[in-house]
Amino acid sequence: MTTELRRTRMVGLGGFVPERVVKNDDLKQWMDTSDQWIQERTGIRERRWVDWDKKIGSSDLAVEASKRALSDAGMVPKDIQMVIFATLSPDHLFPGTGVFLQRKLGIPVGAAVLDIRQQCTGFIYGTSIADQFIKTGMYDRILVIGAEVHSTGLDLSTRGRDVSVIFGDGAGAAIYAPAVDDVSYIISSHLHADGNSAEDLWTEYPSSKEMPQLDPAEVAEGKTRHFPQMKGRQVFKHAVPRMAESVFEALARNGVPLADLKMLIPHQANLRINEYVQKQILGLPDDRVYNNIQRYGNTTAASIPLALYDCRREGKVQKGDLVCLAAFGAGFTWGSVLMKL
Ligand SMILES: CC(C)(COP(=O)(O)OP(=O)(O)OC[C@H]1O[C@@H](n2cnc3c(N)ncnc32)[C@H](O)[C@@H]1OP(=O)(O)O)[C@@H](O)C(=O)NCCC(=O)NCCS
């Protein structure tokens, strides 16, 4: 006897970015940089950063994105049975940010709340985890969130400019439920990692390996281990083939030709990475790859749901369209989700 597993569909989607717009030229108040350098290397024109005086955390941005996803799904917070929260910029070291969202949003006490990291691939991993829980019948309504407040943790001096010009704050949320037809459902998800390059994109400190105090002498010398550090060229070199592989893997596993793909929603790390994958490897026209990094910078775990949210709002994808989500990020981690929206 074979048991048919259920399938999962996305029933709600929401995105949120803070109001404060930081243009490339605005960054010059902290560091030596230029609009031309940033646009040429990354495609970014501006990003949204939280108002630093207001003590806004990832959970606060997540609340707003989740409200929009709930409204899109025609649901209220008490409908949610499980939260999967992806962030590399948690409100606090522990507990995970998911419980703060649970409390602020009014998700019932007793619901399951799971925090994951996985950085830029966080939403892909989160979606895949939700898919497994729904397929097996354990839950019927799962909220998956990617949310980041990067701006409070960046080295804004010239020393940190290669990293700090790239990152933006934001949140994206999706609600998953059992599929009811063949029009709208997750087809497959594909998750990967390679810890050999973990230090190519990381924040080393604070670390449980050392007593948690910053040495002022180290900071004065520029050893800023508490800020993100990136070997940009290494990241670029790995990101391009891994993103492309992720798309090919999803299509090949399901015997779907690239021509059938309505829209690729790549992680928004760098417009140059996405354009290279689109033009040099996949050969897709501009209207089948969606980018919004120009407006938001790299919002890490939030970038894919935010991009899908904007893409759908602009009418470029609709229910039932074949969409591939693909990401690469710190870890390194990478992966994809193929779905009928
Ligand atoms: C970060 C990145 C844009 C840097 O571009 P690059 O061509 O590799 O540039 P380099 O780091 O070699 O630096 C080139 C020069 O620009 C300078 N520079 C770096 N950041 C700068 C900035 N924000 N403004 C102006 N100049 C800058 C460097 O100091 C260097 O100057 P030098 O030649 O005088 O030494 C690029 O490596 C990249 O996009 N990598 C992938 C990053 C990514 O996607 N990260 C997220 C993954 S999830």
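Tutor: The expected span of a helix is 1.5 Å times one less than its number of residues. The model is predicted: local features need pLDDT of at least 70, side-chain atom pairs count only at pLDDT 80 or more, and totals for chains, interfaces and linings use all residues. Residues are numbered from 1 along each chain, as its sequence is written.

Student: What makes α7 a helix by the rule, and how does its reach compare with the expected one?

Tutor: Helices are DSSP runs of H or I with at least four residues, strands are runs of E with at least two, and both are numbered from the N terminus. α7 has 22 residues. From its first C-alpha to its last, α7 reaches 31 Å, close to the 32 Å expected.

Student: Where is the kink in α7?

Tutor: At Ala239, shortly before the proline Pro241. The bend is the angle between axes fitted to the seven residues ending there and the seven starting there. At Ala239 that gives about 25°. Ala239 is also one of the buried residues of α7, which include Val235, Arg242 and Glu245. After the helix comes Gly255, whose phi is positive, near 60°.

Student: Why is Gln118 called buried?

Tutor: Count neighbours. Buried takes 20 or more other C-beta atoms within 10 Å, exposed 12 or fewer, and partly exposed lies in between; C-beta atoms are placed from the backbone. Gln118 has 26 C-beta neighbours inside 10 Å, so it counts as buried. Gln118 lies in the loop between β5 (112–116) and α4.

Student: And what makes Thr300 buried?

Tutor: Thr300 has 32 C-beta neighbours inside 10 Å, so it is buried too. Its place is the loop between α9 (293–296) and α10 (303–313).

Student: How many residues surround the ligand?

Tutor: The shell holds 20 residues, and Thr33, Arg161, Asp162, Gly232 and Ala269 are the closest. To count as near, a C-beta atom placed from the backbone must lie within 6 Å. α7 gives the most to this shell, five residues.

Student: What makes up the shell by class?

Tutor: There are 10 nonpolar, six polar and four charged residues. Asp, Glu, Lys and Arg count as charged; Ala, Val, Leu, Ile, Met, Phe, Trp, Tyr, Cys and Pro as nonpolar; the others, Gly among them, as polar.

Student: How far apart are the centres of domain 1 and domain 2?

Tutor: Taken over C-alpha atoms, 14 Å separate them.

Note on methods: Domains from an automatic or database assignment.
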